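Dear colleague,

I am handing over the structure shown below, together with an account of what was found in it. Please read the notes with the structure open beside them.

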Amino acid sequence: MPEPRTIPWWRDRRVVPWLVQGGVALVVLVVIALLLGNLVRNLTAAGLLLSWRWLGQPASFDVAESLIPFDAAMPYWRALLVGLVNSLRAILIGLVGATLLGTAVGMAAYSGNGLVRRLGRVYVEVIRNIPLLLQLLFWYFVVFLSFRNGTEALQLPGIVLAKSGLYLAWFAEGWRWQGPALVNGVWQAPWRFSVEFAALLTGLITYTGAFVAEVVRGGIAAVPRGQWEAATSLGLHWGASMRTVVLPQALPVIIPGLNSQYISLAKNSALAVAVGYADLYSVAETTLNQTGRALEVFLLLLGAYLVIDLLISLVMNGLNQLVQIRER
Amino acid sequence: MAANSLLASLRRELFASRGDALLSAGLLALIAAAAIGLLRWAFGQAQWVVIQANTTLFAVGRYPLDQQWRLWLLVALLALATGLSWGLLRANPRGDRSGVLWPANDRIAVAVLAFLTAWAPAALRLALPLQLRWWGITALLLALRWAAGRWGRRLPPQLLRWVPLIWPLLYLLGMVLISGGLGLIRVPPSEWGGLLLTVLMASFAILASFPLGVLMALGRRSELPLLRWGSVLYIEFIRGAPLITLLFLGQNILGFLLPGGLAPDRVWRAAWVLTFFCGAYVAEAVRAGLASVPGGQQEAARSLGLSVPQSLQHVVLPQALRIALPATVGQFISLLQDTTLLSLIGLLELLGTARTVMANPDFLGKNAEVYLTLAVLFWCCCAALGLGSRALERRLDPSHFPA
């Protein structure tokens with residue numbers, strides 16, 4: 001009587017997935033255990049085992065610019081908070097600027113004027129193929145540091161560009177519009193940005209703007225041609241058909257693309273350290289140099305950027321829900 | 001008449017209405033002013049001697065002078081391999097001649113690149129022996145490309161299938177030539193620099209991150225929960241953090257994670273961080289490619305009796321990778337740009353070298369010249385990668401194949 005042919009257990013379809021997963025889990029667990037073991041052993045030897053008490057000690061370094069009160073006697077956590085606020089300021093203004101610039105350039109790709117179309121194309125191709133860090137250094141060292149102080153500063157209506165900073169007109173006390181003014185050889189204005197911040201913002205906005213432009217262009221391309229033609233035959237001119245007919249329909253395609261560009265802008269803002277702007281990463285690096293607490297600083301950085309990314313995603317997903325075309 | 005049609009198209013494109021005409025005239029004036037200003041600066045005020053005096057430093061950093069013949073040999077071998085592959089590709093068209101392989105914009109970019117390559121030795125005022133080597137290597141490339149194009153068709157097909165293998169072999173050989181060993185004097189990574197280090201870091205990370213990315217993408221789409229969640233965790237962890245914080249991890253914490261003495265040196269640590277970083281982004285690109293292959297393909301392959309790995313290898317992955325190609329190359333281009341971040345952790349790649357040059361009292365304040373040169377260099381490299389990717393994409397596009 002022939003033996004009934006059965007499949008050996010290691011080729012049984014019910015067992016194989018568990019074998020594979022078990023194998024992978026074993027390897028991963030062993031590697032993680034080894035790494036963690038080393039980490040604990042090495043950190044203990046260096047006397048740097050995970051601890052958060054140092055956050056309360058005085059930082060004893062100054063942060064160049066700060067929106068909240070800070071001095072060197074305040075604790076490390078306060079310094080890191082200053083850095084976080086500075087980062088958030090750069091990210092928020094950068095998001096708005098990149099969106100405006102990118103939308104304008106993205107719409108320019110559909111302009112009737114050939115020169116405008118080509119200029120937009122050249123801008124995108126030039127900016128996207130040059131590293132952001134290089135662009136930031138260029139803006140800072142070549143452009144913004146070349147301005148002069150005092151009467152030799154570059155003066156435009158409502159804006160003054162000097163080596164000591166960027167001065168903007170804004171409402172002063174009592175809702176009085178006030179432009180930059182020279183007082184005793186020093187510029188004064190309601191709004192002043194440091195040169196570092198201005199260079200960082202310019203770099204982030206022009207760089208991210210090129211990527212946003214591509215997203216917007218793609219979104220507009222996804223709107224059927226007939227919509228353009230229908231809008232034009234209703235008598236709408238180019239701007240009105242773009243604003244009232246085409247862009248609203250392009251938004252559901254544009255917003256998910258914007259989400260990833262916004263997140264990459266937020267992460268790129270950490271390059272501020274190269275132009276000397278005191279953002280979160282730059283303060284964290286100083287903190288590491290003073291305390292040697294590499295692991296804790298890394299975990300804080302990681303956590304902060306993760307939360308920023310998540311916040312951006314949440315807001316953008318909410319927006320996406322709003323602009324979805326509702327079928328009736 | 002050509003002139004008339006040119007005038008007509010100019011009129012249609014730039015001066016269609018009064019508003020358009022005003023806008024075009026204003027923009028043209030702005031462009032002219034900017035171009036004149038730039039040319040005046042470049043040929044009047046700028047002092048290009050900062051570049052011309054430091055070409056070696058920019059090219060290879062502090063690589064020992066008496067060992068630089070190894071790098072020239074490597075460049076010559078690369079030119080030979082390029083010429084051979086190029087010629088063979090031209091000799092064996094894949095029947096995709098129906099489509100346009102090089103659209104107008106790409107042709108302009110190729111012309112710009114070719115002009116810059118031809119002009120570079122004169123612009124950099126290279127010493128005569130270096131210029132001769134440059135042109136000799138270019139001649140070698142073109143000669144082999146011509147020969148392979150002429151006689152490549154007659155090679156037996158078995159031999160042709162082995163030709164792509166010269167690239168991995170050349171990469172290994174290049175590593176030996178650069179770092180030494182096998183009888184050559186050792187040159188430690190701390191002495192690599194400039195363009196050499198940039199290209200090495202980028203190429204290593206590109207080559208190593210691709211298989212990693214494909215594996216992670218397959219893992220993320222796997223039906224096994226453990227593999228799926230593991231891949232998701234890895235990809236989202238990496239994509240959530242700025243690259244600079246990961247480089248920070250590599251420089252400051254990796255030493256604690258590995259047993260004493262096993263941690264690689266700073267250059268290789270950075271290379272591995274770049275690899276793991278790029279791998280997560282490649283995984284997302286490949287995942288999008290996998291998602292666009294209809295599920296029926298896998299089912300059809302399985303019902304033909306192929307195993308899961310076989311159906312992936314022969315049916316699903318070839319289609320998915322072709323679709324994912326533009327996004328993947330886009331990631332590689334941004335990886336090449338990201339190598340500049342290594343200068344922030346003290347490595348002397350192109351940007352790091354540039355900053356040491358500008359710290360030299362002889363060249364203080366020559367920021368504009370140096371940064372512009374680097375920008376042109378990076379633009380060329382990234383544009384070349386993009387062009388290659390688009391040409392490959394068109395070559396692989398099945399809609400071009402004869403039915």
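**The nonpolar core and chain A**

Leaving aside residues up to four places away in sequence, Leu200(A) touches Ala90(A), Leu136(A), Ala272(A), Val275(A) and Tyr277(A). Please note that the model is a predicted one. Leu200(A) deserves mention together with Leu136(A): of the 140 residues in the largest nonpolar core, these two touch the most other members. The element that gives the most to this core is helix H5 of chain A, residues 195–221, with 16 residues.

A further residue of chain A was examined, namely Leu80(A), which lies in helix H2 of that chain, residues 76–108. Is Leu80(A) buried or exposed? Leu80(A) has 22 other C-beta atoms within 10 Å and is therefore buried, the cut-off for a buried residue being 20 or more. When residues up to four places away in sequence are not counted, Leu80(A) touches Leu280(A), Val283(A), Ala284(A), Thr287(A) and Leu300(A). Leu80(A) and Pro58(A) are 22 residues apart along the chain, and their C-alpha atoms are separated by 12 Å.

**Chain B as a whole**

Chain B has 18 helices and zero strands. Its C-alpha trace spans about 70 × 65 × 50 Å along the principal axes. Of the 403 residues in chain B, 27% are buried. Among contacts in chain B with a separation of 6 or more, 79% are accounted for by residues 24 or more positions apart.

Two packed helices are described by the angle between their axes and the distance between the axes. Both values are given for each pair that follows.

H10(B) passes H11(B) in a left-handed crossing. On the side of H10(B), the contact is made by Met216(B), Gly219(B) and Arg220(B). H11(B) contributes Leu227(B), Arg228(B), Gly230(B), Ser231(B), Val232(B), Tyr234(B) and Ile235(B). By class, this contact has five nonpolar, three polar and two charged residues.

In the second pair, the axes of helix H16 (residues 308–338) and helix H18 (residues 367–396), both of chain B, come within 10 Å and cross at roughly 170 degrees. H16(B) and H18(B) are therefore roughly antiparallel to each other, since angles over 145 degrees are classed in that way. The residues of H16(B) in the contact include Arg322(B), Leu325(B), Pro326(B) and Val329(B). Those of H18(B) include Phe378(B), Cys381(B), Cys382(B) and Leu385(B). By class, the contact of H16(B) with H18(B) has 12 nonpolar, three polar and two charged residues.

**Where the chains meet**

The contact between the chains takes 41 residues from chain A and 38 residues from chain B. Which elements of chain B give two or more residues to the side that touches chain A? They are helix H1 (2–14), helix H2 (18–45), H11, helix H12 (243–252), helix H13 (254–257) and H18 of chain B. H18(B) gives the most to that side, with nine residues. By class, the side of chain B that touches chain A has 28 nonpolar, eight polar and two charged residues.

With kind regards

Conventions
Residues are numbered from 1 along each chain as its sequence is written. Chains are lettered from A and ligands numbered from 1 in the order in which they are written. This is a predicted model: local features need pLDDT of at least 70, side-chain atom pairs count only at pLDDT 80 or more; totals for chains, interfaces and linings use all residues. A crossing is left-handed if the near helix is turned anticlockwise from the far one by less than a right angle, and right-handed if clockwise. Helices (H or I, at least four residues) and strands (E, at least two) are DSSP runs, numbered from the N terminus. Two residues are in contact if their C-beta atoms, placed from the backbone, lie within 7 Å. Ala, Val, Leu, Ile, Met, Phe, Trp, Tyr, Cys and Pro count as nonpolar, Asp, Glu, Lys and Arg as charged, and the others, Gly among them, as polar. A residue is buried if 20 or more other C-beta atoms lie within 10 Å of its own, exposed if 12 or fewer, and partly exposed in between; C-beta atoms are placed from the backbone. Axes are lines fitted to C-alpha atoms, for helices over the stretch in contact, and angles run from 0 to 180 degrees between N-to-C directions. Angles under 35 degrees count as roughly parallel, over 145 as roughly antiparallel, 65 to 115 as roughly perpendicular and the rest as oblique. A nonpolar core is a set of buried Ala, Val, Leu, Ile, Met, Phe, Trp, Tyr and Cys residues joined through C-beta atoms within 7 Å.
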